[in-house]
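The sequence and model come first.

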Amino acid sequence: MKPRKTTGRRSPQQVLRDAISHHPAGRIAISFSGAEDVVLIDMAAQQGLSVDVFTLDTGRLHTETYKFLEEVRKHYDINIEVLMPDPKEVRELVTKKGLYSFYQDGHSECCAVRKIGPLKSKLESLDAWITGQRKDQSVTRINLAQTQEDQSFSTDDHTIVKYNPLSDWSLTEVWGYIRENNVPYNKLHDKGFVSIGCEPCTRAITPDQHERAGRWWWEEQTQKECGLHAQNVVKIVG
Amino acid sequence: MVKKILANGEPCKKCQDVERRLKEANHWAKLDAIVIANENDPKSEGMELAQSYDIGVAPFFIVENEGEIKIYTLFFKFVNEVLKDRSSNSEANKELIENNSDLDFI
Ligand code: SF4
């Protein structure tokens, strides 16, 4: 199912409502990271919308995040499907490279096993997913649309739509909503964590730092070597 | 397949790696043509193809199916979807995350 054409900017609540009504039950789900994207679950609950929720348990989350997932499950009286990585792939990775290979080799290999694998499998059973992604999270997200065809996971015979209801909201607006609506939140936020991911790859930041600084801070933004470098011939990527 | 020759005359390392993988998996013969994008020669066929499709990475694959042209810049996606070889699933996932910074925060 292709994304429905819409005109103008819509509120997150409206994007959420339109998304959920556009797809049959069981073919769309909220991807909940266990952080401030809890507002999506709250917005769905406040509007009386029923939608599946899943989360990726990489096996490396903070205890606070596991507790928060449980709190959200109880608070909203919802089921949260917990996706886990393929144990064989995890075993192969950690046997060969140890438990902290991402500090030497970068995070992509471990994230591919612990996040992308299970996410890809889940999305094969869906037509659409809803994320808490926002433009202000990273320079790479400045063009993030409220509704988009998911280029990463769609295939020739299966189009997947990605809804980003919070795309236009700032972090401040998200927190304004959380406070105003008494939404439960991950206690790591009280300890200076802004963007929350896996325990070894997430750290608290100072108020003057961008939230991206709290994730994979040891990695340099490296230049990709595969660009076609002739100037004015083709656009260089990476 | 469009593969690149660097300005210093050396073949691009990633193109060499992709070529090796295709040969090891017996996929090499399935390619209709290998075209060179020479960084020193904007008129080389590969550079012209890159320009016409607005592609800035190498190698890349041009797939024509019933008149419809699709470009693959992700090697393992090409292997999975076009060559129908799913044996390199974890590498395809790694390639996906390395080429989509959007996936960083999931
Ligand atoms: S965030 Fe870190 S621990 Fe979590 S999957 Fe990625 S590399 Fe592995």
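## The second largest cavity

The lining of the second largest cavity consists of A:Thr58, A:Arg60, A:Phe102, A:His107, A:Cys110, A:Cys111, A:Arg114, A:Lys115, A:Cys198, A:Cys201 and A:Trp216. On a 1 Å grid over the protein atoms alone, a cavity is a set of points where a 1.4 Å probe fits but cannot get out, and a lining residue has an atom within 4 Å of a point. The space in the second largest cavity is about 80 Å³, a volume being the space filled by probe spheres set on the points, which are joined across faces, edges and corners.

α6(A) gives the largest share of this lining, four residues. Helices (H or I, at least four residues) and strands (E, at least two) are DSSP runs, numbered from the N terminus. Six nonpolar, two polar and three charged residues make up the lining. Here Ala, Val, Leu, Ile, Met, Phe, Trp, Tyr, Cys and Pro count as nonpolar, Asp, Glu, Lys and Arg as charged, and the others, Gly among them, as polar.

## Basis of the model

The model is predicted: local features need pLDDT of at least 70 and side-chain atom pairs count only at pLDDT 80 or more, while totals for chains, interfaces and linings use all residues. Residues are numbered from 1 along each chain as its sequence is written, chains are lettered from A and ligands numbered from 1 in the order in which they are written, and side-chain values use heavy atoms, with hydrogens and water left out.

## The largest cavity

The whole structure has three cavities of 30 Å³ or more. The largest cavity holds about 330 Å³ of space. Of its 25 lining residues, A:Ser33, A:Asp37, A:Ile196, B:Phe105 and B:Ile106 are the closest to its centre. Nine lining residues are nonpolar, eleven polar and five charged.

## The interface of the two chains

Between chain B and chain A, 36 residues of chain B are in contact (heavy atoms within 4.5 Å) with 44 residues of chain A. The buried area, which is the accessible area (1.4 Å probe) that two parts lose on being put together, summed over both, is about 3400 Å², with 56% from carbon and sulfur atoms. In chain B, B:Asp102, B:Phe105 and B:Ile106 lose the most area to chain A, together 24% of what that side buries.

The count of salt bridges between chain B and chain A is zero, where a salt bridge is a side-chain nitrogen of Lys or Arg within 4 Å of a carboxyl oxygen of Asp or Glu. α4(B) gives the most to the side of chain B that touches chain A, with nine residues.

Key. On a 1 Å grid over the protein atoms alone, a cavity is a set of points where a 1.4 Å probe fits but cannot get out, and a pocket is an open set with protein on both sides within 12 Å along at least five of seven lines; lining residues have an atom within 4 Å of a point.
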